[in-house]
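Hi,

Here is the structure I said I would pass on. Have a look at it first, and then read my notes below.

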Amino acid sequence: MPRRTRLRKVVAPPEFKGYKPYGTNKESQEYIELLYEEYEAIKLADYDLMNHKEASELMGVSRATFARIYESARRKIAQAFVETKEIVTVYGNSWMDETWFLCSDCHARFTIPKTLEQEICPMCSSKQIESLNQK
Amino acid sequence: MSKTVITSLGNELTSQFDKRFGRAEWFCVFDSKTKETTFIKNEFVNSNHGAGTKVAELMFELKADKIISGDFGPKAKELLEELNIQMVIIQDSTSIQEIVKRIVV
């Protein structure tokens with residue numbers, strides 16, 4: 001029996017639910033599932049320009065595991081591009097280090113510290129907020 | 001009652017909102033009690049290492065309750081979370097004035 005998959009720490013989930021190709025004649029419903037940890041790996045390595053060692057420590061996995069997640073992410077994106085498939089983000093084996101909320105009215109993202117009791121949007125005081133960590 | 005810090009590109013109310021946190025040019029501190037704004041220059045903007053952490057510590061010294069910025073680095077996020085400071089992420093390209101107007105309701 002293989003060892004259990006360790007949960008990968010994701011700082012913040014992606015702000016989108018997916019990507020869709022346009023300008024294609026292909027009417028396909030097929031999609032590729034990009035895991036949150038794969039999105040995070042791409043973000044840390046190619047957007048925040050961290051090296052794999054730093055990034056792996058941040059996500060709480062070994063450097064080798066990080067490299068595998070990153071490779072899998074790149075391959076999925078490449079496959080989606082070449083085969084004109086949609087990309088859908090799914091939870092995967094990750095956990096968030098903080099609960100992020102999204103305001104449905106003004107689209108601000110924010111955290112609610114323990115010391116705060118009311119759950120309203122800090123930008124527009126709207127009560128229409130949703131947690132980004134549950135799907 | 002509460003202090004809000006907004007990351008800013010300049011030191012005036014008409015300045016643009018800065019989407020960086022650790023390497024923001026200026027910080028606008030808005031006091032919701034006195035309705036006053038003060039601007040503080042970010043001394044860590046050109047530091048080679050750990051700007052986010054140092055700025056997060058500065059926020060604690062300023063007794064900020066809420067920070068409005070475009071993104072928070074992983075280390076800053078961790079520290080601010082521990083300090084119970086609320087983080088707010090907005091992606092709008094707007095001025096400090098507009099943001100202040102939005103939070104004063």
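What follows is a quick tour of what turned up. Keep in mind as you read that this is a predicted model.

Let's start where the two chains meet. On the chain A side, 17 residues are in contact with 15 residues of chain B. Strand 7 of chain A (residues 109–111) gives the largest share of that side, with three residues. Sorted by class, the chain A side comes to 10 nonpolar, three polar and four charged residues.

Next, take a look at helix 2 of chain B (residues 74–82). Which of its residues are buried? They are P74(B), A76(B), K77(B), L79(B) and L80(B). The cover over them draws on both chains: it includes helix 2 (52–59) of chain A, along with helix 1 (51–61), strand 4 (66–69) and strand 5 of chain B. After helix 2 of chain B comes N84(B), with a positive phi near 55 degrees.

Staying in chain B, strand 2 (residues 26–31) has two partners to follow. With strand 1 (residues 3–8) of chain B, it pairs in the antiparallel sense over six bridges, and here T4(B) sits opposite F30(B). With strand 3 (residues 36–41) of chain B, strand 2 again makes an antiparallel pairing over six bridges, and F27(B) faces I40(B) there. Strands 2 and 3 of chain B form a hairpin with four residues between the strands, where K35(B) takes a positive phi near 60 degrees.

Back in chain A, you'll find an open sheet of three strands in the order 2-4-3, with mixed pairing. Strand 2 (18–19) and strand 3 (31–35) of chain A are the edges, each pairing on one side only. Strand 2 of chain A joins strand 4 (residues 86–90) of chain A in the antiparallel sense through two bridges, and Y19(A) stands opposite I87(A). Helix 1 of chain A (residues 36–47) packs on this sheet, touching strands 3 and 4 of chain A, and its direction is at about 70 degrees to that of strand 3. Helix 3 of chain A (residues 63–82) also lies across strands 3 and 4 of chain A, running at about 160 degrees to strand 3.

Cheers

Methods
Residues are numbered from 1 along each chain as its sequence is written. Chains are lettered from A and ligands numbered from 1 in the order in which they are written. This is a predicted model: local features need pLDDT of at least 70, side-chain atom pairs count only at pLDDT 80 or more; totals for chains, interfaces and linings use all residues. Two residues are in contact if their C-beta atoms, placed from the backbone, lie within 7 Å. Ala, Val, Leu, Ile, Met, Phe, Trp, Tyr, Cys and Pro count as nonpolar, Asp, Glu, Lys and Arg as charged, and the others, Gly among them, as polar. A residue is buried if 20 or more other C-beta atoms lie within 10 Å of its own, exposed if 12 or fewer, and partly exposed in between; C-beta atoms are placed from the backbone. Two strands pair if DSSP finds at least two bridges between them. Axes are lines fitted to C-alpha atoms, for helices over the stretch in contact, and angles run from 0 to 180 degrees between N-to-C directions.
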